Amino acid sequence: MVATPAEGIVLDEEYVSKIQALATDFYKDNSFGYISNRIHDYSRNLSPKSYTRQFPILKAIAIVYKTENTLKVAEFESYFIQIPFSTFSDLEAAKQWMLSIINSKE
């Protein structure tokens, strides 16, 4: 799953819940990975529980960053994530990494 948040949105608990509901409906019981394509600036209003919430079919998270600030935020977020996590400056590299993670877990 690749998400590209729109410029200026506020990523909050409700947003995370909507993403999880969409993923559950689409993937059912199949494993998947989440790539956050952070090419736009937006705000985050999340508690640590957003990162530690149990979501067993989610097997990995990748962040594609455009700026050094976005990379620093992603590095901070990595402290809360308990599954494979990596950052990339290129979406295609993130997709390849994600495929290797998902395929190794099947």
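Predicted model: local features only at pLDDT ≥ 70, side-chain atom pairs only at ≥ 80, totals over all residues.

Biologist: In what sense do strand β5 and strand β6 pair, and over how many bridges?

Modeller: Strands of a sheet pair through backbone hydrogen bonds, either parallel or antiparallel. Here strand β5 (residues 58-65) and strand β6 (residues 85-88) pair in the parallel sense over 4 bridges. Two strands are taken as paired if DSSP finds at least two bridges between them, and the elements themselves are DSSP runs numbered from the N terminus, with helices being H or I of at least four residues and strands being E of at least two.

Biologist: In what order do the strands of the open sheet stand?

Modeller: The open sheet has 4 strands in the order β1-β3-β5-β6, with parallel pairing. β1 (2-3) and β6 stand at the edges with a single partner strand each, so one side of each is left without a neighbour in the sheet. Between β1 and β3 there are 2 bridges, including the one that joins valine 2 to isoleucine 35, whereas β3 and β5 pair over 7 bridges, and asparagine 37 has valine 64 as its bridge partner in β5.

Biologist: What handedness does the unit made by β5, helix α3 and β6 have?

Modeller: A crossover is called right-handed if, with the strands pointing away from the viewer, the path from the first strand over the helix to the second runs clockwise. β5, helix α3 (residues 68-77) and β6 make a right-handed β-α-β unit.

Biologist: Which residues of α3 are buried, and which exposed residues lie on the face turned away from them?

Modeller: Buried means under 20% relative accessible area, exposed over 50%, and partly exposed in between, using a 1.4 Å probe and protein chains only. In α3 the buried residues are Thr70, Leu71, Ala74 and Glu77. They cover an arc of only 120° around the axis, which puts them on the same side of α3; the arc is that of the directions from the helix axis to the C-beta atoms. The face turned away from this buried side carries the exposed residues Glu68, Asn69, Lys72 and Phe76.

Biologist: How many residues of β3 are buried?

Modeller: In a regular strand the side chains alternate between the two faces of the sheet. For strand β3 (residues 32-38), 7 of its 7 residues are buried, with Phe32, Tyr34, Ser36 and Arg38 on one side and Gly33, Ile35 and Asn37 on the other. Asparagine 37 counts as buried at 9% relative accessibility. Leaving out residues up to four places away in sequence, asparagine 37 touches Val2, Ala3, Thr4, Pro5, Val64 and Leu91, where contact means heavy atoms within 4.5 Å.

Biologist: Which residues have the most contacts inside the largest nonpolar core?

Modeller: In soluble globular proteins, nonpolar side chains tend to be buried together. A nonpolar core is a set of buried Ala, Val, Leu, Ile, Met, Phe, Trp, Tyr and Cys residues joined through side-chain atoms within 4.5 Å. The largest one has 14 residues, and those with the most contacts inside it are Phe32, Tyr34, Phe55, Leu58, Ile61 and Phe85. α1 (13-27), β3 and β5 each supply at least two residues of this core. Apart from it lies another core, of 10 residues, among them Ile35, Ala60, Ala62 and Ala94.

Biologist: Where is alanine 94 found, and what is it in contact with?

Modeller: Alanine 94 is found in helix α4 (residues 91-105) and is buried, with a relative accessible area of 0%. Beyond its neighbours within four places in sequence, alanine 94 is in contact with Ile35, Ala62, Val64 and Phe88. Alanine 94 and valine 64 are 30 residues apart in sequence, yet 6.9 Å apart in space, C-alpha to C-alpha.

Definitions and conventions
Residues numbered from 1 in each chain as written. Heavy atoms only, no water.
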